[in-house]
Amino acid sequence: MTRRCTWAHPAAASWRSWLKADPAAIPAGARITDARLKLHRADCSADDDCVEPAPTLKDLAEAWSPEQSGQALAAAASDEAFDTEEGLPLPLQDLNVGPLVADWLETGENHGLSLQLGDEKDAAPGMAYHSSRSADPAKRPRLAVSYIPSAAPGAPQDVKAVPADGGLLATWNAPQDPGSATDALKYTVVVHKGATEVARQTVDDTRAVFSGLANGAAHTVTVSATSEFGTSKTTDSVPAKPVKVASQDRYAQAVRDYFEARAALLKGTHTTAEKAAAASPHAAMFRDLLAGQAPDLILTREANARHGRHFSQVEATLDELLTGPGPDDTVVVRGRVAERTVLTDKDGDQEPEEGEVPGRFVFADGVLRMEADDAAVEVTMPTDEAAAQAATVAPPAEDSLADIVSPEDEGLPIELDADGMLVDDPAAAGPPLAYAAPNHSGTASWAKRHVSIGWDHSNDCANIVSKALHHGGKMKIRKGPSRNLKSWYRGKIFSKRVDSFT
């Protein structure tokens, strides 16, 4: 560990210490459970009654070297101080910086730590510690890290096979124990008819679609998880039999026509739901659902028109289609829905937007009644003891209501008009906080490279955006408990990591 400077702040100046640990000795994939700074006082012997202060610790958002100034060190430090899980000041030896070490390993970025006394507003006696140049190796600063070594992941949980016409949908939950700090698991999914393997896929997601299977025959799904540290045991589903659905092509075409009608309302090709539906020979199958959505679609089109924009492109494609029986004699069409829209303004500038979701379309008595995210509907809640604890134990409460900053007191510096859109010339909100504005090109580049990355939170579309802002755009995450409703934070509920991405 490298250390520089004395830790004090007399009345005329502020002093900070810089420490940088080398985590190279920590094995790849290890899960950090604890990390403590071990510093030895140079101004106080072991026989003295040394009072250890509660320091303010910040990780560095930018690189700093001892050749630079103290002002540069202060500027390189994060705006937010590292918080303990308890949210209380702690003596240095009691401060667990494990979340910081885990972040260094995850991101590959470690610029070191900045230590200071309090907020540096009031003068106080300084403390001196032995540095990395101490003649006694035992007195040099070190970082004591406890961790769980990496291993193969546990077996996937709750494997399920959902039958369809000529195919099935396989779903499962991730292993309770991923075996390492990485969330990057791959799953091998094998379908057997009797003892014969009839299909196989390797996927990153916790679902897979299989077609070309024999109706009426029992099929079993087997799933295993693999990381760079090994492969898990397999988990089997209960056998499922694909079943014939009459006129399945008609249901699939009705869904496609439904998306065409939605697009027509957004683009203004048709001005009413009735006219948009009438363009399809399957209008009777989706007219009612479209009529319920039409007011919002038309309001969106008109609001954009008031801002000089229009939808020049609205497209939706349906792939990996499965049509099968649903509950209460319904028919369910499943498919990967990829949507693309392009907003074009009066100057010809375009704003494209793309999205993809596993769609679920439920027909009752031949009429489309509901669309939903199939991944959210088909999820199986874990039933083991650890999952029950995670679901029932709430995060630590704030010490008092005064600790929570209300939305009114911490309003977003964004001005919106009556349509809920950004005003053309928002009022200046003052200088931004250091490191608050992300690097735009870095954010976009990271997102493109990691478009298939696994989510930390199921059904949370903000997750990939927040990761791109943090890892690519270098926007900082608050480490520790949430002290107000809009903080990004990293904390724990017992051994379970809890991240907020707000």
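Guide: Two residues are in contact when they have heavy atoms within 4.5 Å of each other. What you see is a predicted model, in which local features need pLDDT of at least 70 and side-chain atom pairs count only at pLDDT 80 or more, while totals for chains, interfaces and linings use all residues. Residues are numbered from 1 along each chain as its sequence is written, and side-chain values use heavy atoms, with hydrogens and water left out.

Let us begin with T171, which lies in strand β10, residues 167-173; strands (E, at least two residues) and helices (H or I, at least four) are DSSP runs, numbered from the N terminus. T171 is buried, at a relative accessible area of 6%, where buried means under 20%, exposed over 50% and partly exposed in between, with a 1.4 Å probe and protein chains only. If neighbours within four places in sequence are set aside, T171 is in contact with D158, V159, K160, T206, R207 and E378. Among these, K160, R207 and E378 belong, together with R334, R360 and D374, to a network of salt bridges, a salt bridge being a side-chain nitrogen of Lys or Arg within 4 Å of a carboxyl oxygen of Asp or Glu.

By this rule the count comes to 17 salt bridges. R336 takes part in two of them, one with E356, whose closest N and O atoms are 3.4 Å apart, and one with E320, at 3.8 Å. R336 is partly exposed at 27%, as is E320 at 47%, whereas E356 counts as exposed at 54%.

From these charged residues we can turn to the nonpolar ones. In soluble globular proteins, nonpolar side chains tend to be buried together. A nonpolar core here is a set of buried Ala, Val, Leu, Ile, Met, Phe, Trp, Tyr and Cys residues joined through side-chain atoms within 4.5 Å. The largest one has 32 residues, of which L290, F361 and F363 touch the most other members. Helices α3, α4 and α5 and strands β17, β18 and β19 each supply at least two of its residues, and α3 gives the most, with ten. F363, buried at 1%, touches Y251, A254, V255, M285, T330, V331, V333 and L368, again not counting residues up to four places away in sequence.

Because Y251 lies in helix α3 and F363 in strand β19, their pair ties together parts that are 112 residues apart in sequence.
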